[in-house]
Amino acid sequence: QVQVVESGGGLVQPGGSLRLSCAASRSIFSIGTMGWYRQAPGKQRELVASITSAGSTNYADSVKGRFTISRDNGRNRVYLQMNSLKPEDTAVYYCSGYPPWGSWGQGTQVTVSS
């Protein structure tokens with residue numbers, strides 16, 4: 001069972017930036033594709049971005065051109081650079097494999113508000 005710890009969230013004004021980090025308890029290279037997900041209040045959890053072991057990426061339409069997912073296989077970390085943040089990006093952000101594992105970390109809260 002892989003355990004992850006997400007960090008880097010916070011309160012930011014619209015148009016601002018944040019960089020989220022996910023630290024995994026074992027090799028993410030062997031895991032394969034990793035993803036960042038988010039869940040806003042009253043909504044289902046959704047996939048925001050994914051990245052394969054080789055570095056190929058995919059993004060939800062709502063974040064294309066604003067978010068960038070990356071990974072450091074040597075450090076077992078996955079990152080999400082979020083730019084031009086909007087109020088609708090407010091959510092708890094989680095990382096997991098893709099498809100997601102059965103359990104989730106505690107997530108990191110991102111709040112975009114003026």
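A charge is taken to sit over a ring if NZ of Lys or CZ of Arg is within 6 Å of the ring centre and within 35 degrees of the ring normal. Arg45 meets this description, lying over the face of Tyr94 at 4.2 Å from the ring centre, and the charged end of Arg19 sits over the ring of Tyr79, 4.0 Å from its centre. The model is a predicted one, in which local features need pLDDT of at least 70 and side-chain atom pairs count only at pLDDT 80 or more, while totals for chains, interfaces and linings use all residues. Residues are numbered from 1 along each chain as its sequence is written, and side-chain values use heavy atoms, with hydrogens and water left out.

Rings of Phe, Tyr and Trp (its six-membered ring) pair if their centres lie within 6.5 Å, with planes under 30 degrees apart counted as stacked, over 60 as edge-to-face and the rest as tilted. The whole structure holds two aromatic pairs. Tyr37 and Trp104 form an edge-to-face pair, 5.1 Å centre to centre with 80° between the planes; because Tyr37 lies in strand E4 and Trp104 in the loop between E9 and strand E10 (108–112), this pair ties together parts that are 67 residues apart in sequence. Strands (E, at least two residues) and helices (H or I, at least four) are DSSP runs, numbered from the N terminus. Tyr94 and Trp104 are likewise edge-to-face, at 5.7 Å centre to centre and 70° between the planes. As for accessibility, buried means under 20% relative accessible area, exposed over 50% and partly exposed in between (1.4 Å probe, protein chains only). Tyr37 is buried at 5% and Tyr94 is buried at 11%, whereas Trp104, at 30%, counts as partly exposed.

The charged side chains come next. A salt bridge is a side-chain nitrogen of Lys or Arg within 4 Å of a carboxyl oxygen of Asp or Glu, and a search of the whole structure finds four of them. Through shared partners, salt bridges join Arg38, Glu46, Arg66 and Asp89 into one network. Asp89 and Arg38 are both buried, and Arg66 is buried too.

One disulfide, a pair of cysteine sulfur atoms within 2.5 Å, joins Cys22 to Cys95 (S to S 1.8 Å). Cys22 lies in strand E3 (residues 18–24) and Cys95 in strand E9 (residues 91–97), so the link ties together parts that are 73 residues apart in sequence. Both cysteines, Cys22 and Cys95, are buried.

Strand E3 also takes part in an open sheet of four strands, in the antiparallel order E1-E3-E8-E7, where two strands pair if DSSP finds at least two bridges between them. Strand E1 (4–7) and strand E7 (67–72) stand at the edges with a single partner strand each, so one side of each is left without a neighbour in the sheet. Four bridges join E1 to E3, and the bridge partner of Val5 in E3 is Ala23.
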